[in-house]
Amino acid sequence: MPENKILVVGGGISGITTAIEVAEVGYEVVLIEKLPYLGGRVVKMNQYFPKLCPPYCGLEINFRRIKQNPRITIFTSTIIENISGSKGNFTATLKTKPAFVNDNCTVCGECEKVCPVERTNEFNYEMDKTKAIYLPHEMAYPWKYTIDESVCKKYDCKKCIEVCKYNAIDLEATSKQLQLNVSSIVFATGWYPYDATKLENLNFGVFPNIITNVMMERLSAPNGPTLGKILRPSDNKEPKTIAFVQCAGSRDENHLPYCSGVCCTASLKHTLYIREQLPEAKVKIFYIDLRVNGRNEDFLNIVKADKNIVLIKGKVGLINENPDTKGLIIKAEDTMTGIRKKVEVDMVVLATGIVPNKIDIEKIKYDNNGFIIPGLLEDGIFAASCAKRPLDVSASLKDATGMALKAIQETK
Ligand SMILES: Cc1cc2nc3c(=O)[nH]c(=O)nc-3n(C[C@H](O)[C@H](O)[C@H](O)COP(=O)(O)OP(=O)(O)OC[C@H]3O[C@@H](n4cnc5c(N)ncnc54)[C@H](O)[C@@H]3O)c2cc1C
């Protein structure tokens with residue numbers, strides 16, 4: 001018996017938007033997210049353009065809309081394994097990781113205090129650590145602790161169970177499989193940052209003071225590893241000189257052949273973070289072309305007017321470390337003057353691009369770069385936002401709303 005239900009895969013800003021729009025016009029929706037919390041990449045930003053709001057600003061309203069709407073069912077720590085059937089009557093096979101912490105959790109934090117195991121914190125792009133039992137972040141939705149199964153010692157330890165007054169921890173929990181009958185499916189599976197270690201000439205991961213743009217977001221965020229202070233990793237000192245390397249891997253046949261469309265504006269935004277905290281810091285931005293559109297052009301005007309920020313049209317060929325200062329020596333050609341430049345800075349930010357998340361399911365068709373090709377999807381299956389092409393939040397929201405409209409047309 002077909003159901004009048006819609007499945008949304010991916011709980012970032014796009015998936016959340018599709019789910020809410022679908023539910024608010026009266027349809028049942030199931031939103032699944034592979035991580036233990038909703039919000040995707042946006043929740044990890046310090047501020048997002050064009051208005052430079054903190055991410056919680058928009059997400060809090062959305063979380064409230066989710067809580068108030070009984071037509072939305074959320075499964076976190078859940079992935080989709082298979083789809084069978086056809087439009088109006090799909091069967092989706094979902095798999096949920098073990099729920100070691102249940103909804104009794106009050107986030108009192110007693111378990112975290114006694115947990116003896118540490119893990120690297122992927123929320124902060126591995127710049128700090130959490131305990132094996134941890135709260136993903138301070139506005140996590142759902143609002144509860146989670147356990148990293150890969151490091152937890154389970155019953156060899158069970159200190160967390162001993163201190164939990166709320167019977168919220170079950171270390172024997174197992175993963176669950178669920179068959180869901182839905183009329184249409186929207187994939188809003190988003191993106192991950194390009195692996196900068198593949199850019200061998202730029203030496204990310206070799207020299208500590210080379211970071212990426214997503215790390216810069218966390219470094220500037222008040223709930224980040226340095227509580228919002230922009231400090232260089234090797235010595236926790238304020239950098240006096242910072243360079244941005246645009247198109248780090250992007251528009252390069254050997255890495256990502258396409259433009260991610262957001263990295264230029266993101267780096268301009270980062271210079272504003274720097275300017276606010278470090279008024280005297282000198283910034284150099286090495287770029288191929290500056291692609292900034294719409295309201296974001298204001299950022300470019302601010303940056304151009306700042307005498308301590310220099311825009312250099314030229315591709316960076318090599319970054320090495322000065323072992324005495326731990327500063328970075330950048331070699332690049334200024335293509336406007338033809339002069340080869342060699343500059344030393346305290347810290348480098350690589351503007352890496354957007355890589356789409358892929359799912360190994362036959363019904364989803366991808367292009368060579370891993371973006372879903374909407375025209376090759378069968379009826380009743382849709383893709384939203386960054387799953388199809390790189391987009392900023394504003395464009396993602398519009399696309400996700402459009403996909404909600406398409407999805408509800410497949411219901412009875
Ligand atoms: C450095 C940088 C800075 C940026 N700054 C801005 C900015 O200031 N302003 C702006 O407008 N845009 C900015 N962007 C772009 C912004 O990040 C994207 O527009 C936004 O993340 C798109 O949201 P999304 O929901 O489509 O994808 P995502 O945020 O990636 O969310 C996708 C979600 O799907 C989940 N998922 C993936 N696969 C599965 C699966 N198999 N099963 C279940 N769930 C799955 C993921 O875990 C994730 O939660 C920036 C991008 C970069 C690189």
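Trainee: Into which domains is the chain divided?
Mentor: Keep in mind that this is a predicted model. The chain is divided into domain 1 (5-97 + 175-190 + 357-408), domain 2 (110-163) and domain 3 (195-353).

Trainee: How far apart are the C-alpha centres of domain 2 and domain 3?
Mentor: Those centres lie 32 Å apart. Even so, six residues of domain 2 are in contact with six residues of domain 3. On the domain 2 side, the touching residues divide into two nonpolar, two polar and two charged.

Trainee: Next, the ligand. Why does it lie between domain 1 and domain 3?
Mentor: Domain 1 and domain 3 both give residues to the shell around the ligand, so the ligand lies between them.

Trainee: How many residues surround the ligand, and which are the closest?
Mentor: There are 39 residues around the ligand, and the closest are Gly 10, Gly 12, Gly 40, Gly 190 and Val 393. By class, the shell has 20 nonpolar, 13 polar and six charged residues.

Trainee: Which helices and strands each supply at least two residues of that shell?
Mentor: Those are α1 (13-24), β4 (78-86), α5 (213-220), α6 (263-277) and α8 (393-408).

Trainee: Let's stay with α1. Is it mostly covered or mostly uncovered?
Mentor: Mostly covered: eleven of the twelve residues of α1 are buried. Among them are Ile 13, Ile 16, Ile 20 and Val 22, and Glu 21 is buried as well.

Trainee: What covers the buried residues of α1?
Mentor: The cover includes the strands β1 (5-9), β2 (28-32), β3 (72-75) and β11 (184-187), along with the helices α2 (55-68) and α8. α8 also supplies at least two residues of the ligand shell.

Trainee: And how far does α1 reach from its first C-alpha to its last?
Mentor: α1 reaches 16 Å, close to the 16 Å expected at 1.5 Å a residue. Just after the helix, Gly 26 takes a positive phi of about 110°.

Trainee: Switching to strands. In which sense do β17 and β18 pair?
Mentor: β17 (residues 316-322) and β18 (residues 327-334) pair in the antiparallel sense over six bridges. One of the bridge partners is Ala 332 in β18, which goes with Val 316. The two strands form a hairpin with four residues between them, and Lys 326 in the turn has a positive phi of about 65°.

Trainee: What about β18 and β19?
Mentor: β18 pairs with β19 (residues 339-345) in the antiparallel sense over seven bridges. Ile 330 has Val 343 in β19 as its bridge partner. These strands form a hairpin with four residues between them, and Gly 338 in the turn has a positive phi of about 80°.

Technical notes: Residues are numbered from 1 along each chain as its sequence is written. This is a predicted model: local features need pLDDT of at least 70, side-chain atom pairs count only at pLDDT 80 or more; totals for chains, interfaces and linings use all residues. A residue is near a molecule or strand if its C-beta atom, placed from the backbone, lies within 6 Å of it. Ala, Val, Leu, Ile, Met, Phe, Trp, Tyr, Cys and Pro count as nonpolar, Asp, Glu, Lys and Arg as charged, and the others, Gly among them, as polar. Domain bounds come from an automatic or database domain assignment. Two residues are in contact if their C-beta atoms, placed from the backbone, lie within 7 Å. The expected span of a helix is 1.5 Å times one less than its number of residues. A residue is buried if 20 or more other C-beta atoms lie within 10 Å of its own, exposed if 12 or fewer, and partly exposed in between; C-beta atoms are placed from the backbone. Two strands pair if DSSP finds at least two bridges between them.
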